[in-house]
Amino acid sequence: MLDEISGAPVFTGERSRAGYRLNRMAMSLTDPANRAAFVADETDYLHGMGLSESEVDLVRRRDWKGMIEAGGNIYLIIKIAGALGIALYEVGAHTAGMSLEQFMAQRKGR
Amino acid sequence: MGRIVGGIGSSHAPSFGPVYDKGQQKDPMWAPLFDGYVPVRTWLEALRPDLFIVVYNDHGNQFFFNSYPTFALGASEMYPQADEGWGKRDLPDMRGDPDFSWHLARNLIDDEFDPTICQEMSVDHGVMSFMPMLTDTRWPVPIVPFAVNVIQHPVPKARRLYKLGQAFRRAVESYPKDIRVVVFGTGGLSHQLQGARFGFTDPDWDNEFLDRLETDPEPLAALSHREYMERGGTEGIEMMNWLPMRAALGPKVKRIGRTYHAPMITGYGLLALEPV
């Protein structure tokens, strides 16, 4: 079974199962009212969506790499970032173990 | 009888729709891409199409992993735009053609393809991001969206998607009305949105894909998922969505337009073909 390609997790059924609650919470943010509730009180919203303490912690710490490792799908996880006004580059760089500045500097060097 | 009169492959992305909406097509970073859509739009209008079949993938907007369809066929009169988490673009809902959708459903199932049939369905940037560059945003041409799971593995094989395009052609040609159909395949090209290779694109692979899709597409249907993801990124596997478009056109095609540009973290491609 394909599980990883060049250091990127492949979003398998197993990952989808592990990340189910996290991804479901992320999808809920396609509703503007839910985005407002999330931004107003993150912890309360995340508990209300049934996330575990470790999942709440990943979101609170903006640990995008950790969210992907916990079964987050990138297309869902960027909805969390979107609600918080954080851009894809910052999320992606973090999943690669870099800061946004490091990522941009590396790109310039290419 | 219906006829397939054209095929268009296009990248889709949340990024370039809003760039277009803001009228920044001439921005030097984007102009090489947007300029390519202009002659294709002129050609498409001159074709006088009656219907667009759009093969794309949803990004956790219409479908969630509670029940994620491998193939989903729209059969609605209207397809609202999905809010993907950052608000909608200022665009009207898209029009559908449920009569054709149900004809397509019957024919696909006769052909041993079994899509989930959706009488309510929103569409995301997989359909809408590039559409305003190719047609009037009052949407004069109805669409039939056809969503393919390329995000939760196991995903369908490339060969299956190629055969799907051949089934589209049979379905169009058995339609009693004289309609002119353009098939779209959208997604890709190379991009990697997470993990150690974040930001990866491969213009060589993307251009090889565009070359082969035009002139000798069948071997692309034999490539494995591993090959698509190693060469184009785990998210770049979306480019398999272009295979049904190409297969629907039949063996020989004439190229109308082709553009490639990789300004950010996605290899953007556009390919317009006519059957001969």
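How many helices and strands are there in chain A? In this predicted model, chain A contains 9 helices and 2 strands. Their order along the sequence is β-β-α-α-α-α-α-α-α-α-α. The radius of gyration of chain A is 14 Å, close to the 13 Å given by the globule rule for 110 residues, and the chain is therefore as compact as a globular protein of that length. Along the principal axes, the C-alpha atoms of chain A occupy a box of roughly 45 × 35 × 20 Å. Buried positions account for 41% of the 110 residues of chain A. Of the contacts in chain A between residues at least 6 apart in sequence, 53% link residues at least 24 apart.

Chain A also meets chain B: 32 residues of chain A are in contact with 26 residues of chain B. On the chain B side, the residues that touch chain A comprise 9 nonpolar, 12 polar and 5 charged residues.

Within chain B, two helices were examined in detail. Helix H3(B), formed by residues 98-110, has 13 residues, which at 1.5 Å a residue should span 18 Å; the end C-alpha atoms of H3(B) are 18 Å apart, in agreement with that value. The buried residues of H3(B) are B:Phe100, B:Ser101, B:His103, B:Leu104, B:Ala105 and B:Leu108. The elements of chain B that cover these residues include strands S2 (51-56), S3 (71-74), S6 (116-118) and S7 (143-148), together with helix H6 (158-173). Just after H3(B), B:Glu112 adopts a positive phi of about 70°.

Helix H7(B), comprising residues 203-215, likewise has 13 residues. From first to last C-alpha, H7(B) reaches 18 Å, close to the 18 Å expected at 1.5 Å a residue. In H7(B), B:Trp205, B:Asp206, B:Phe209, B:Leu210 and B:Leu213 are buried. These residues lie on the same side of H7(B), because they cover an arc of only 140° around the axis. In an α-helix, residues three or four places apart point the same way, because there are 3.6 residues a turn. The cover over the buried residues of H7(B) includes strands S1 (3-10), S9 (253-261) and S10 (268-275) and helices H8 (225-232) and H9 (242-248) of chain B. On the face of H7(B) turned away from the buried side, the exposed residues are B:Asp204, B:Asp211 and B:Thr215.

Conventions:
Residues numbered from 1 in each chain as written. Chains lettered and ligands numbered in written order. Predicted model: local features only at pLDDT ≥ 70, side-chain atom pairs only at ≥ 80, totals over all residues. Contact = placed C-beta atoms within 7 Å. Nonpolar A, V, L, I, M, F, W, Y, C, P; charged D, E, K, R; others polar. Helix = DSSP H or I, 4+ residues; strand = E, 2+ residues; numbered from the N terminus. Expected span 1.5 Å × (residues − 1). Buried ≥ 20, exposed ≤ 12 C-beta atoms within 10 Å, placed from the backbone. Arc of directions from axis to C-beta. Rg over C-alpha atoms; globule rule 2.2 N^0.38 Å.
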